[in-house]
Structures are given as C-alpha cells and as structure tokens.
Amino acid sequence: MADQEIPPPSQLVPLNFASVQTHVPESHLWPNVKELSAAVKLDKRVSLPLIDLVNDDASELLGRACEEWGMFQLINHGVSQTLIEEAEEETRRLFTLPAAQKMKTLRSPGSLTATGYGMAGISKYHPKLMWHEGFTIIGSPINEAKKLWPNDYKRFCDVMEEYQRQMKGLGERIIRLILKFLGISEEEMMKLLTSTDESIGKPYMALRLNSYPPCPDPGQVMGLAAHTDTSLCTILHQVRSNGLQIFKDGTGWVPLSPMSGTLVVNVGDLLHILSNGRFTSILHRVMIQENKEHRFSLAYFYDPPGDIYISPYCKPLSDTPQFPLYRSVNVKEYFAIKAKKMGSGLPAIKI
Ligand SMILES: C=C1C[C@]23C[C@H]1CC[C@H]2[C@@]12CCC[C@@](C)(C(=O)O1)[C@H]2[C@@H]3C(=O)O
Ligand SMILES: O=C(O)CCC(=O)C(=O)O
Ligand SMILES: [Fe+2]
C-alpha cells in the first residue's frame with residue numbers, strides 16, 4: 001500500500017497510520033529524537049509515590065506527592081476495573097476504524113473545546129508531527145459517535161459518559177483532599193468544585209483518548225512532545241505499556257512504567273497556580289517504544305468551569321509573609337493565553 005499524501009502541518013490532520021508499512025514520512029521524522037532518548041536516565045526508572053485513597057493520611061500523602069513529584073499513582077480509587085476495561089475496548093474500537101471514518105469527526109481547527117478526532121493541540125508548536133492521534137470528548141460524544149457508528153453508537157456513548165462521570169467524581173475527591181492539605185476552607189473549595197454549574201461558564205473538563213500506533217522506526221518519532229497539562233489535575237489510564245516520561249528537577253527525563261490497577265494522576269497548571277507554585281505542574285512526554293505495540297491511554301482533565309477565577313492561595317496566618325507569584329486568571333482566559341503562548345502559559349501570568 002502506498003503511503004498517504006502528507007497534508008501540511010497547519011491542517012492538523014493525523015496521518016493514516018495504517019497505511020505506513022515501512023518508512024516514516026518526512027513530516028514525522030524528528031531530527032533530535034536520538035539525542036532526546038540518549039539523555040533519558042534509564043537507570044533512574046522511578047516509581048511514583050503510590051497512594052491509597054482510603055488511607056486516613058491520604059490528604060497529607062497527596063499534598064507531599066504534589067510538592068515533590070507533581071505526579072503519583074492511586075490505588076483504591078473506586079473506579080471499577082470493568083468500566084476501565086470497557087473504556088479501553090471502546091478506545092481501541094474507535095482508533096482501529098478506517099481513517100476516512102475517523103476523519104468524519106475531525107475537530108475544527110482553532111476550537112479548544114470541541115469533541116472529535118484530531119492531533120494534540122500542541123502539534124501546532126512543532127515543525128514535525130507526532131506519532132499520535134487523539135479523540136477529545138467534552139460533554140456528550142453522541143453527535144460524533146453517530147458519525148462513527150451510525151447504527152451502533154450507543155455502546156461508545158454509554159461507556160464514555162459513565163467513565164467521565166466516574167473520573168469527575170474521583171477528580172473532585174482528589175482535589176478536595178489536596179485543597180485540605182493547602183488549608184483552603186470548605187467555602188472556598190465549593191467555588192472551585194461547582195463544576196457542573198453552567199452559570200459560571202462553559203465546562204472545560206475533557207477526556208482525551210490517545211492512540212500511539214506501532215511505528216516502523218520508533219527511534220525517530222515523537223509520541224507526544226513535552227508539555228504540562230492545562231488542568232487542576234489529570235487522571236491518566238495507560239493501557240499496559242511503557243513510554244511515558246517525566247522531567248524531574250535535578251535528575252532530568254526519567255521513564256515510568258505503569259503499574260496495573262493504578263491510575264496515574266498529575267498536577268496541571270491550574271493547581272500549580274492555585275498552590276502558589278508549591279505544587280509542580282509536571283512536564284511530561286510520550287516516546288514511542290520498539291515493541292510494535294499499539295499504545296492507548298485515556299487522560300481526563302479535571303478543570304473548573306470557564307468563568308471561575310484561579311488565584312494563588314497564600315496562607316493568611318503563616319509567620320513568613322507570602323506573596324502571590326501569579327496574577328488571578330480565569331480558566332477560559334488561561335486556556336487562551338496558553339494556546340497563544342505556544343503551550344507555555346505560566347510565564348505570561350507571573351507577577
Ligand atoms: C496548549 C494547548 C493544549 C490544549 C489546547 C491549548 C490550550 C489548552 C489545552 C487543552 C487542555 C484540556 C484538554 C485539551 C485537549 C483541550 O481542549 O485544551 C488540551 C489541548 C491539547 O493538549 O490538545
Ligand atoms: O499517553 C500518555 O501516557 C500521556 C497522555 C498525556 O499526557 C495527555 O493526554 O496530556
Ligand atoms: Fe499530558
């Protein structure tokens with residue numbers, strides 16, 4: 001089969017990966033991936049803090065993990081294994097559809113909050129394309145699912161809606177415990193967590209299904225380039241596969257291996273701002289592995305609604321005076337700033 005003609009990057013159309021048999025097209029060859037990989041501290045394969053959500057000390061443990069790592073793995077998270085497996089199965093079913101079918105739901109360029117198929121938003125900041133295709137779901141995916149499976153869309157919708165519902169509940173539990181660690185009052189918390197109230201703006205919660213197809217030359221491509229998430233926190237389920245790396249201060253890039261049954265949670269920019277820089281919005285990326293496996297992941301971005309203002313929380317009664325590192329910013333505005341600043345929004349709101 002002939003390799004598909006490559007559209008210019010500005011169109012942000014994923015490659016028809018199924019048509020690539022032998023060589024990676026020029027558009028996807030990252031000249032620096034060898035150096036990037038060589039710099040990875042393989043001997044430093046780290047294990048993230050493992051936190052039991054029903055532990056009495058969960059709040060303290062989560063807070064410490066957010067300070068030290070900005071990422072941790074959760075057990076006893078309460079999301080059923082069956083639901084996770086169903087969501088995995090539906091993700092696989094979606095990405096193994098013919099390219100033309102997936103293209104019927106292509107996200108409109110420029111829209112940050114649309115449901116549909118496409119490349120990661122950060123693609124437009126890189127001269128080369130990533131070995132990745134995504135499907136973002138905000139709210140109900142029913143309109144897009146009908147295009148993908150005209151006679152059989154219900155299963156996908158039911159599973160994804162339930163998955164979002166459970167992830168939202170889990171996100172709220174996690175954030176509540178983390179805010180408690182920061183000393184934020186119940187009243188202040190309510191403002192941040194009233195995520196379904198449409199009167200305070202459009203919901204920004206998003207589920208992104210990620211697909212990293214097998215690659216004939218994994219050493220020359222990038223799965224998902226280094227980025228921080230634009231969320232309070234992100235809850236990630238990886239389908240039994242390596243490839244996720246984090247940038248740890250003082251160490252450098254380190255690879256992670258998912259532990260089965262756990263969900264990986266990371267701090268995003270909004271929680272970094274809220275904690276006045278105390279929690280790390282962790283830089284992470286995905287590198288394609290040699291194993292020729294099709295890798296999938298499901299990332300749930302837990303966000304407040306668009307019109308909520310996020311301000312650095314400075315302990316009012318602490319001995320040492322604290323000053324806010326960032327100006328107050330609303331969620332919608334921060335998304336727009338981050339998109340405009342090529343994926344790096346924090347410097348733009350620094351005081
Ligand atoms: C720099 C970025 C990266 C963006 C777009 C732009 C600003 C906001 C980011 C997110 C955050 C929430 C999920 C996502 C899928 C979304 O809708 O907005 C992300 C998207 C991407 O990573 O693709
Ligand atoms: O696929 C992964 O493991 C990470 C995905 C991710 O970082 C994202 O979707 O923002
Ligand atoms: Fe991410």
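Around ligand 1 you will find Leu-112, Ala-120, Gly-121, Tyr-125, Arg-208, Thr-230, Phe-301, Phe-335, Lys-338 and Gly-343, where a residue counts as near a molecule if one of its heavy atoms lies within 4 Å of it. This is a predicted model, in which local features need pLDDT of at least 70 and side-chain atom pairs count only at pLDDT 80 or more, while totals for chains, interfaces and linings use all residues. Residues are numbered from 1 along each chain as its sequence is written, chains are lettered from A and ligands numbered from 1 in the order in which they are written, and side-chain values use heavy atoms, with hydrogens and water left out.

Two of these residues deserve a second look. A backbone N or O atom of Gly-121 sits 2.5 Å from an oxygen atom of ligand 1, and a side-chain N or O atom of Arg-208 is 2.8 Å from an oxygen atom of the ligand. Taken alone, ligand 1 exposes 450 Å², and the protein buries 96% of that (areas from the Shrake-Rupley method with a 1.4 Å probe; for residues, only the protein chains shown count as cover).

Asn-210 belongs to strand E5 (residues 206-212); helices (H or I, at least four residues) and strands (E, at least two) are DSSP runs, numbered from the N terminus. Asn-210 counts as buried because its relative accessibility is 3% (buried means under 20%, exposed over 50%, partly exposed in between, with a 1.4 Å probe and protein chains only).

Next, look for an open sheet of 4 strands in the order E6-E11-E8-E9, with antiparallel pairing (two strands pair if DSSP finds at least two bridges between them). Strands E6 (224-227) and E9 (252-255) stand at the edges with a single partner strand each, so one side of each lacks a neighbour in the sheet. Inside this order, 3 bridges join E8 (residues 244-248) to E11 (residues 284-286), and Gln-245 has Arg-285 in E11 as its bridge partner.

Finally, visit helix H3 (residues 81-95), where Leu-83, Ile-84 and Ala-87 are among the buried residues.

How values were computed
Polar contact = N/O pair within 3.5 Å; in protein donor to acceptor, adjacent residues only side chain to side chain.
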